[in-house]
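This report covers a sheet, a pocket and a cavity. Please look over the sequence and the model before reading on.

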Amino acid sequence: MKDLRQSRNWANYMKELGWEAVLVDGVYVYIKKIGFVSVIKIHRANTISTQLLKKIDSLAKENKALFIKIELNEPEKSMVFSKTAEKEIALLKRHGYVINFFPLLTPSTIVVDLTKNEQDLFKALKEDARYSVKKAQKSGIKCSFKRFPTIEEMKMYQEFFERAGKERHLLVPTLNSLRKRLKAFGKKAIFVETKNLKNEILSAGVILIFQNTGYYSELGTLQEGRKLLANYLQLWEIIKFLKSEGLKNFDMDGIADERFPQFTKTWAGFSFFKKKFGGEVYRYPFPYIKYGNIIFKLLGRLGQPLPI
């Protein structure tokens with residue numbers, strides 16, 4: 001499936017963040033100017049070809065790029081390596097790219113197949129997850145979805161994410177970033193929240209939709225929400241909601257990956273949680289990078305991993 005980061009909406013979001021988005025042979029290439037030089041990144045290109053790589057090289061030369069970084073869109077599924085990924089990696093190597101150990105996007109995720117009926121989707125949940133969903137329902141927790149939140153609501157959600165993030169020592173989006181993302185996605189951005197009987201928010205999240213897939217973009221749950229199992233109810237309600245919208249896949253957008261211990265070191269808890277909801281594990285290939293700067297090239301040849 002084509003990745004969210006290769007959508008026009010994401011390209012518009014990147015423009016809002018100060019990146020230039022150039023469409024090359026159907027692939028969005030993102031360029032960030034830094035004074036007289038630049039950096040280039042390509043998120044989950046749907047296909048890699050010699051022609052595409054030559055055109056990217058021309059863009060890199062024109063923009064004096066320090067490096068080009070590419071992440072492929074050919075994941076392992078259920079630990080079966082993609083033959084297409086193997087061919088694309090070989091092509092990248094022939095064009096001067098080397099492996100990189102610092103991913104730009106979540107390197108592994110879980111994708112739920114929404115074409116199954118609701119009964120089978122619920123059966124796919126771990127036993128304790130099914131119990132937790134039912135218990136949260138009985139306690140009176142309500143889950144709701146909303147498009148086009150007001151500025152005041154956006155501020156409220158961002159403050160909520162900050163509170164939840166501080167409890168778990170996780171990074172959260174700034175209000176500016178959240179507003180720009182919602183502007184770029186419009187009706188394809190959906191807020192979800194759970195509330196207790198006092199109408200207090202227990203958990204919240206943002207879902208972004210592209211083609212036939214819903215992506216869990218942001219999420220947060222307060223300690224009180226975890227005690228009341230609101231996070232279980234929220235995730236189950238998201239699965240039901242996306243299915244009712246006619247979507248075919250739900251990408252939970254990120255679980256811990258032992259290949260990148262530093263990048264995902266704080267993800268163990270929510271990864272364990274997400275794995276309780278069925279779905280298939282997708283592991284994306286390592287990023288690949290091509291240096292344009294002579295110093296970076298020399299360090300790369302010496303086998304020195306650069307944190308870029």
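## Strand pairing

Two strands count as paired if DSSP finds at least two bridges between them. The model is predicted. Strand 7 (residues 108–113) and strand 12 (residues 249–251) pair over three bridges, in the antiparallel sense. V112 has F250 of strand 12 as its bridge partner.

## The largest pocket

The largest pocket holds about 1,500 Å³ of space. Its lining has 49 residues. Nearest the centre lie T106, L171, S217, E218 and W267. Several elements give two or more residues to this lining, among them helix 1 (8–16), strand 3 (37–45), helix 6 (151–168), helix 9 (230–244) and helix 10 (268–274).

Strand 11 (213–221) is also one of these elements. Strand 11 gives the largest share, seven residues. By class, the pocket lining has 27 nonpolar, 12 polar and 10 charged residues.

## The cavity

How many cavities of 30 Å³ or more does the structure hold? There is one. The largest cavity has a volume of about 40 Å³.

Its lining consists of R44, E71, P103, L105, P107, F260, Y284, P285, F286 and P287. Eight of the lining residues are nonpolar and two are charged, with no polar residue.

Notes
Residues are numbered from 1 along each chain as its sequence is written. This is a predicted model: local features need pLDDT of at least 70, side-chain atom pairs count only at pLDDT 80 or more; totals for chains, interfaces and linings use all residues. Side-chain values use heavy atoms; hydrogens and water are left out. Helices (H or I, at least four residues) and strands (E, at least two) are DSSP runs, numbered from the N terminus. On a 1 Å grid over the protein atoms alone, a cavity is a set of points where a 1.4 Å probe fits but cannot get out, and a pocket is an open set with protein on both sides within 12 Å along at least five of seven lines; lining residues have an atom within 4 Å of a point. Grid points are joined across faces, edges and corners, and a volume is the space filled by probe spheres set on the points. Ala, Val, Leu, Ile, Met, Phe, Trp, Tyr, Cys and Pro count as nonpolar, Asp, Glu, Lys and Arg as charged, and the others, Gly among them, as polar.
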